[in-house]
Every structure is written in structure tokens, then in C-alpha cells.
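Trainee: Please walk me through this structure, feature by feature. I would like the general idea and then the case at hand.

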Amino acid sequence: MSDLVPVSEIIAPGVPRTTEDAVLELQRESESQHLARTDVTGLLAAGFVAVALGALLLPGQRPLSLAALATSLAAYAIASRVEVEFPGFVALPTEAVFVAMWFVLPVRMLPLVVCLGMLLGKLPDVVRHQLPPDRLALTIANCWFSVGPTLVLYVAATRGAQWDDLPVYAAALAAQFALDSASTFVLARAVVPLSLRSHVRSMLSAYGFDTVLAPLGLLAAFPAARHPEALLLLLPMVLVVSRVATERQEKNDKVLELKNAYQGTSYLLGDMIEADDAYTGSHSRDVVELVLAVAGRLGLDAGEQRLAEFTALLHDVGKIRIPPEIINKPGPLDDEERELMNAHTILGQEMLERAGGLLGEVGPLVRSCHEHWDGNGYPDGLAGEDIPLGARVVCTCDAWSAMTTDRPYRRALSHEAAVAELRSCAGTQFDPRVVDALLAVLDV
């Protein structure tokens, strides 16, 4: 089972957090915050409650055992407390318990019991003020998955766990995934632009997790059908998953810590630039916003986006070693000054490669940020696809920011003039594909 965490916050105005570490960071932040959007979430939660209560009016196919109800609630609540952290969602080891519940409870009660079990699992966090009460609406809205198996099993009129009914169980699992995809897509789409295809692709890890656990629930269902307490036999599996979840969280902690250390270093270097050149310091941070948006538009993976982000932060770092009187000269540079200024990309690469690690990987991209698509850039005269894509993205976004910002020697261009300049330089200075992505991000 998956618990959706809609990614509605942003690193900077207009730029979604798209890298995996940024999504993880946001995910952790959002868990203790009030819901950003309550309309769609509230509507889905209310709709689910209506369906879950309405299902109770269906004719019963199996008598209710209070022992089965109590055991199901307890086992499901305990399992729901274990969260395996993935970017954009957390996987819960509740699937095995849920599948076993198919055969120990009246099928019409499954949605309501699942919802109550989820709420019971969240209760300690609410009591300890670690979870805002309004986020329980998201918990309820995430229970729509339980309606799919309920419909399939009720229509099929299953009578206990039987190997002959495996096709029915497979159909119930497929219905679960279909309804879960639909409901979580509606939740996510309310706060971020997202295609159904990309959403389903991102949820495949959670569905794979559930598919692995489902057979355990079916095996537990055979003894649990007569003795509901057998559901508790699944708790050792929950403990094992809990250990895996802890190790994964510790790994994610280290990834975020390292990422924040690199980012802190990058911003420190940016502050050093800003001390000598206020334009360059703030300009670098403005470029980061555009670069992340364009990189996401171009479909760069998380690693490529991370490199592009740090390249955007550090593309001017070599200017630390350029005399301030050249950087802040109010008029055009002479040939000697221009040659020295153009060396800042090489100086930046040298500085970053001495630092090593991720910063060292960024060095070659920083070096290539002023290369041109037609080969007339500097310092190496690279052309076309020989220029790293991340550097091409930074080059285009850097130029847009420069054109639309006041400089010591000229005023900013108008928005229309800057767009016209971008288009006229596509295929010469800039990669046309990157220009198209930037214009799409700018909505022009």
C-alpha cells in the first residue's frame, strides 16, 4: 500500500522540487504541516466515507466476528505505522494484512475497516502533535484503493481462501492498483502538473512492493478464516520491513545531509561572489530556478538535475579570482580584460576539481557554460551535442537572466525583446531544444 505525499511546495517561486533528494526533503517537511490544498482532498475523503458507509447496506455474505474485527484493526494499524520512504510516497507493509482481511471480514466492511485502521495508526502522531489533524483527510482520501478489491470480491461472491479462486484474487489486486492510481493522481494533480503516465510510472515501486506482500496475506488467510488471531502471525514480517524502513531512512538521512553540505558550500561560494559583485551573487540564484524548471521539462533524471542545479549555483564561481574592478567596470571591457574575464570558467573548474566529490563532477559543466551551439563560444570551442546538456541548459537560462536584469553598463531588456533574442539565437548560441523548453517554462 502506498501513502501519497503530494509535492506542492517549491524551492523558489515557480520552480518545482524535482530531484529525488529535494522531493524527500519536501516530503519530510510536509508531514508536519497543514494541508496545502483541502478542497480536492476533502472531496475525495468525503466521497470515500460515503462509499464505505454505503457498502454496509449491501446484503452480507459472511457473518461478522468481533474477534476478526478487533484483530484486523489492530494488525492493520500496527502495519500502517511502518513507512518505507520513497521519493513522492511512502510504502506501507499493510498489503499482507489487507489481503488476509478479504477472508476474515464481511467483504462489504473492508473499506471502512481499512480506513479505521489507518486512522488508528495515525492517532499517536496526532496526539503527540507530530501530525496536524487536518492531514487525516489525506489519510482517508488515500483509502480509495480498498474499494477496488471490495467490488471484485463482492461480485465474485468468494467464500473463503481457495486456490481455485486465484484469478479472482488477481483481478481484485488489479482493481486495487487501478483505483489507487486514479485517486492518488487526482490528489497529486490538484497541486502539481503531472501526466497520468508519469504518475503511474512513479507508483510502480509501491505496486511492486504490494505484489510481493499479497501472497503472504493469502497464506495467512487459510488459518485466519477459522482463527482470526492468525492475522497476528504477519507481524514478524512487519517487524522485518520496519528494520528495512529504518535502514532506508538512515540512508536517506545521509544523502540529504551530504546534499545539504554541498548546497551549503555552494551558497557560501555564492555569498563570496556576492561580496565583490552583488549582481553575480543574486544572478546565480535566479538562474537555479530556471535551470531546475527547464531540466525537468527536458526529462533529465535526478542525478542530471542535481548536477545542473549545482552548475547553476556555481557557474560564475571562477569570478572570485577575477579583479573586482574588471567585474564591476561600468563600460565595455577591452580585449585584455575580456580575455581575463573569459578565463573565469577555467578558473571555476580548477577550484571545483580541487574540492572533489560532487563539486568536482560539476567542474567540467561549469567550464562549458559559455560554449555555443555553433562552436563559437569559449573556452574550448565545443559545438552541438559535444557540449554537456546541463551546461547548455545553464547557458540558455544564464543568458535569459542576464538579458532581463540590469547590468552595470546597460538596462534590462524588455520581456518581449528578450524572448525575441532567445529565438533569434536558437541554433547559433543556444541549443534550440533548450530554448523551446525555456520558453515553455516561461509560458511564452
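Mentor: We will take salt bridges, a surface patch, cavities and the backbone in turn. This is a predicted model: local features need pLDDT of at least 70, side-chain atom pairs count only at pLDDT 80 or more, and totals for chains, interfaces and linings use all residues. Residues are numbered from 1 along each chain as its sequence is written, and side-chain values use heavy atoms, with hydrogens and water left out.

Trainee: Which residues are linked with D125 in a network of salt bridges?

Mentor: R81 and R128 are linked with D125 in that network. The D125 and R128 side chains meet at 3.4 Å, N to O.

Trainee: Where do E350 and R321 lie?

Mentor: Helices are DSSP runs of H or I with at least four residues, numbered from the N terminus. The side chains of E350 and R321 form a salt bridge at 3.9 Å, N to O. E350 lies in helix 15 (residues 344-355), and R321 in the loop between helix 12 (302-314) and helix 13 (324-327), so the pair ties together parts 29 residues apart in sequence. E350 is partly exposed at 35%. R321 is partly exposed at 41%.

Trainee: What does R367 meet in a salt bridge?

Mentor: R367 meets D380, with 2.7 Å from N to O. R367 is in helix 16 (residues 357-367), while D380 is in the loop between helix 16 and helix 17 (389-403), 13 residues apart. D380 is partly exposed, at 38% relative accessibility.

Trainee: Which residues form the nonpolar patch on the surface?

Mentor: Patch members have over 30% relative accessible area and no salt bridge; like charges are joined within 9 Å, nonpolar side chains (Val, Leu, Ile, Met, Phe, Trp, Tyr) within 5 Å. Areas come from the Shrake-Rupley method with a 1.4 Å probe, and for residues only the protein chains shown count as cover. Here W163, L166, L216, L219 and F222 make the patch, with about 460 Å² of accessible area together. Helix 9 (residues 196-224) gives the most, with three residues. W163 sits in the loop between helix 7 (147-156) and helix 8 (166-189). W163 is partly exposed, at 48%.

Trainee: How many cavities of 30 Å³ or more are there?

Mentor: Rolling a probe the size of a water molecule over the atoms shows where empty space is left. On a 1 Å grid over the protein atoms alone, a cavity is a set of points where a 1.4 Å probe fits but cannot get out; lining residues have an atom within 4 Å of a point. Grid points are joined across faces, edges and corners, and a volume is the space filled by probe spheres set on the points. The search finds four cavities of that size.

Trainee: What about the backbone?

Mentor: Y378 and P379 are joined by a cis peptide bond, with omega about 10 degrees. P379 is in the loop between helix 16 and helix 17.

How values were computed
Salt bridge = Lys/Arg side-chain N within 4 Å of Asp/Glu carboxyl O. Helix = DSSP H or I, 4+ residues; strand = E, 2+ residues; numbered from the N terminus. Buried < 20%, exposed > 50% of the residue type's maximum accessible area, 1.4 Å probe, protein only. 1 Å grid on protein atoms, 1.4 Å probe; cavity = no way out; pocket = protein on both sides within 12 Å on 5 of 7 lines; lining within 4 Å.
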